[in-house]
Amino acid sequence: MPLLEDIWHSKMLTNNGKYNGKFCRELAKLWDVEHVVTFTNGTQALLAALSCLATKEKGEIITTPFTFIATTNSIIWTGHKPVFVDINPTTLNIDVDAIERAISSETVAILAVHCYGNPCDVVALNELSLRHNIPVLYDAAHAFGVELAGESVFRFGSMSVASFHATKTFNTFEGGAVACHSAVVRDKLINFANFGFQNETTISSLGLNAKMSEFNAALGLVQLQHIDKMLAGKQYIADYYVSELSKLEGVFIPTEPNNSRLNYSYFPIFIEPNAKTDRDTLYGFLREHGYMVRRYFYPLTCDFGIPEIEERARKLDVSKARKRADEVLCLPIYSDLDVEAVYELVSLLKSKLG
Ligand SMILES: Cc1ncc(COP(=O)(O)O)c(C=O)c1O
């Protein structure tokens with residue numbers, strides 16, 4: 001691979017080399033944001049974002065439990081306390097009214113998730129953030145390429161965090177990034193990713209080694225050339241699933257928000273109580289037939305019983321999120337998924353639910 005040879009000959013395999021620089025600039029252009037800093041993965045990017053909040057105080061971070069564990073872990077690892085509030089059961093995203101009720105004198109931030117790449121109510125969250133003077137950060141791990149009213153979702157909030165893990169719509173095998181709008185925050189993020197070094201002899205804040213290598217950045221630059229094709233392949237499968245499954249009794253499929261461009265990161269369906277079978281029976285049946293369906297996100301991140309989370313979290317009513325976690329089944333969706341397999345999967349689903 002010529003790119004690999006070029007990296008090798010440059011003698012700069014990591015530490016903000018030219019591929020990383022170019023990748024950050026391309027992402028900033030694509031997301032229409034001022035600054036992007038890359039990381040080894042989305043989890044390190046979340047740790048960095050929460051470590052670079054303007055406040056030095058540790059406090060409460062209001063968040064959703066209907067997410068991947070990394071969202072919650074990042075709050076614990078950075079010394080804050082998660083406050084779990086409920087979701088809107090139709091969009092699967094954090095409920096803005098529930099956030100407002102949970103705000104306390106200890107609240108230092110809101111960490112919302114664009115769940116499955118479905119954009120949060122960014123306008124209401126922005127208004128809430130301004131009114132209470134509390135920053136909103138987005139875990140945008142699922143939201144690469146997602147737009148709302150023609151704007152990239154990465155433009156919203158004080159920081160947005162992406163994951164480029166191999167399972168994501170856009171991947172660098174492993175990788176992540178933070179989009180932000182201020183050069184001060186960008187510099188803090190860069191220092192955090194590099195042990196806290198400000199220059200060769202100065203370290204004034206705690207850091208990690210969380211830098212993206214040149215190899216992963218080069219992979220990202222190559223993948224950027226194929227993103228439209230990948231999105232089109234996924235859209236075809238999503239449209240087919242919707243057309244075949246949305247009329248089945250007891251199956252809820254989230255509708256696309258108006259005026260949005262989605263990336264079909266995941267295709268969740270929810271098996272409600274009036275369906276002809278239950279979620280776990282269906283899961284076992286499809287797995288037996290070799291289909292990689294997943295109960296994603298189940299259980300809620302506040303329900304794993306992880307001691308540090310149990311000790312530190314404030315759990316409010318999350319009954320709607322818990323109900324959705326018990327119902328969810330994510331169907332396979334990736335751009336080169338064999339269409340014959342999709343047709344067979346749909347007919348298996350219909351045989352149990354129709
Ligand atoms: C919502 C969410 N946040 C954070 C992460 C963590 O990203 P990474 O796997 O790149 O560390 C993931 C990964 O799957 C995720 O789904």
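Mentor: The aromatic pairs number 20. Rings of Phe, Tyr and Trp (its six-membered ring) pair if their centres lie within 6.5 Å; planes under 30 degrees apart are stacked, over 60 edge-to-face, and the rest tilted. This is a predicted model: local features need pLDDT of at least 70, side-chain atom pairs need pLDDT 80 or more, and totals for chains, interfaces and linings use all residues. Residues are numbered from 1 along each chain as its sequence is written, and side-chain values use heavy atoms, without hydrogens or water.

One of the pairs is Tyr-240 with Tyr-343, edge-to-face, at 5.0 Å centre to centre and 65° between the planes. This pair links distant parts of the chain: Tyr-240 is in helix 9 (residues 227–245) and Tyr-343 in helix 13 (residues 339–353), 103 residues apart. Helices (H or I, at least four residues) and strands (E, at least two) are DSSP runs, numbered from the N terminus.

Now the ligand. It sits in the largest pocket. A pocket is an open set of points on a 1 Å grid over the protein atoms alone, with protein on both sides within 12 Å along at least five of seven lines. To sit there, more than half of a molecule's atoms must lie within 2 Å of the grid points.

The ligand has 16 residues around it, and Thr-43, Asp-139, His-142, Ser-163 and Lys-168 come nearest. The cut-off for being near is a heavy atom within 4 Å. By class, this shell has 5 nonpolar, 9 polar and 2 charged residues. Here Ala, Val, Leu, Ile, Met, Phe, Trp, Tyr, Cys and Pro are nonpolar, Asp, Glu, Lys and Arg charged, and the others, Gly among them, polar. Helix 3 (42–51) and helix 4 (69–77) each supply at least two shell residues. Helix 3 gives the most, with 3.

Polar contacts are N or O pairs within 3.5 Å. A polar backbone atom of Gly-42 is 2.8 Å from a ligand oxygen. A polar side-chain atom of His-142 also lies 2.8 Å from a ligand oxygen. For Tyr-296, the side-chain distance to a ligand oxygen is 3.2 Å. The protein covers 93% of the ligand's own 390 Å² of accessible area (Shrake-Rupley, 1.4 Å probe).

Last, the backbone. Tyr-298 and Pro-299 are joined by a cis peptide bond, omega about -5°. Pro-299 is in the loop between helix 10 (279–288) and helix 11 (307–312).

Conventions
A polar contact is a pair of N or O atoms within 3.5 Å; within protein, one must be able to donate a hydrogen and the other to accept it, and residues adjacent in sequence count only if both atoms are side-chain atoms. On a 1 Å grid over the protein atoms alone, a cavity is a set of points where a 1.4 Å probe fits but cannot get out, and a pocket is an open set with protein on both sides within 12 Å along at least five of seven lines; lining residues have an atom within 4 Å of a point.
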